[in-house]
Amino acid sequence: MNIDFREIVTATMVLFAVIDIVGSIPVIIDLRSKFGHIQSEKASIVSAIIMIAFLFVGEEILKLIGIDVNSFAVAGAFVLFFLALEMILGIRLYRDEQASSASIVPIAFPLVAGAGTMTTLLSLRAEFHSINIIIAILLNIILVYTVLKSSAKIEKMLSKNGLSIIRKVFGVVLLAIAVKLFAANVKGLFI
């Protein structure tokens, strides 16, 4: 079964930093105020399904178009690097379209299971066992559900400064992980 506690913890931390559900609380609160109730259960389940499906089918799609996992992992390292810079510097390098509703689409995709998450999943797959990544996904989905359910309370508890500090700390962690991911997979490009 290859269950490795260290891999689970690392994958959970990486996904937590990339999904950045705590940093997304202001966006979630804004969506809730604009469009009413957010279906936390539905958004969480759909996010989990998208992420687990992409974990397994994503590699096959890459093979179909002739890209190996090492190449994708290196590309993923660059995406993580830029996501980390956004978190640390408080700038926005990538801009999404404005959401038209607070349904599954803006929350489950792309807020939780977006491009950064997909890239990260395949990058992690190059380094970790699938079962450990699935456990990490499920742990993050539990956290996503909890945050969606209690976003207003969390915002009051942490304040804007608290959210900013958490975002920057996880940005530094994500930056270190991006460097490690790049170093681990760049050799595979030249073999």
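The model is predicted, so local features need pLDDT of at least 70 and side-chain atom pairs count only at pLDDT 80 or more, while totals for chains, interfaces and linings use all residues. Residues are numbered from 1 along each chain as its sequence is written, and side-chain values use heavy atoms, with hydrogens and water left out.

**Fold**
- The chain contains eight helices and zero strands; helices (H or I, at least four residues) and strands (E, at least two) are DSSP runs, numbered from the N terminus.
- Among contacts (heavy atoms within 4.5 Å) between residues at least 6 apart in sequence, 90% join residues at least 24 apart.

**Burial**
- Of the 191 residues in the chain, 40% are buried; buried means under 20% relative accessible area, exposed over 50%, and partly exposed in between (1.4 Å probe, protein chains only).

**Aromatic pairs**
- There are two aromatic pairs; rings of Phe, Tyr and Trp (its six-membered ring) pair if their centres lie within 6.5 Å, with planes under 30 degrees apart counted as stacked, over 60 as edge-to-face and the rest as tilted.
- Phe78 and Phe182 form an edge-to-face pair, 5.6 Å centre to centre with 65° between the planes.
- This pair links distant parts of the chain, since Phe78 lies in helix H4 (residues 69-89) and Phe182 in helix H8 (residues 151-186), 104 residues apart.
- Phe81 and Phe82 are also edge-to-face, because their ring centres are 5.5 Å apart and their planes stand at 80°.
- Phe78 is partly exposed because its relative accessibility is 43%, and Phe182 is partly exposed at 32%.
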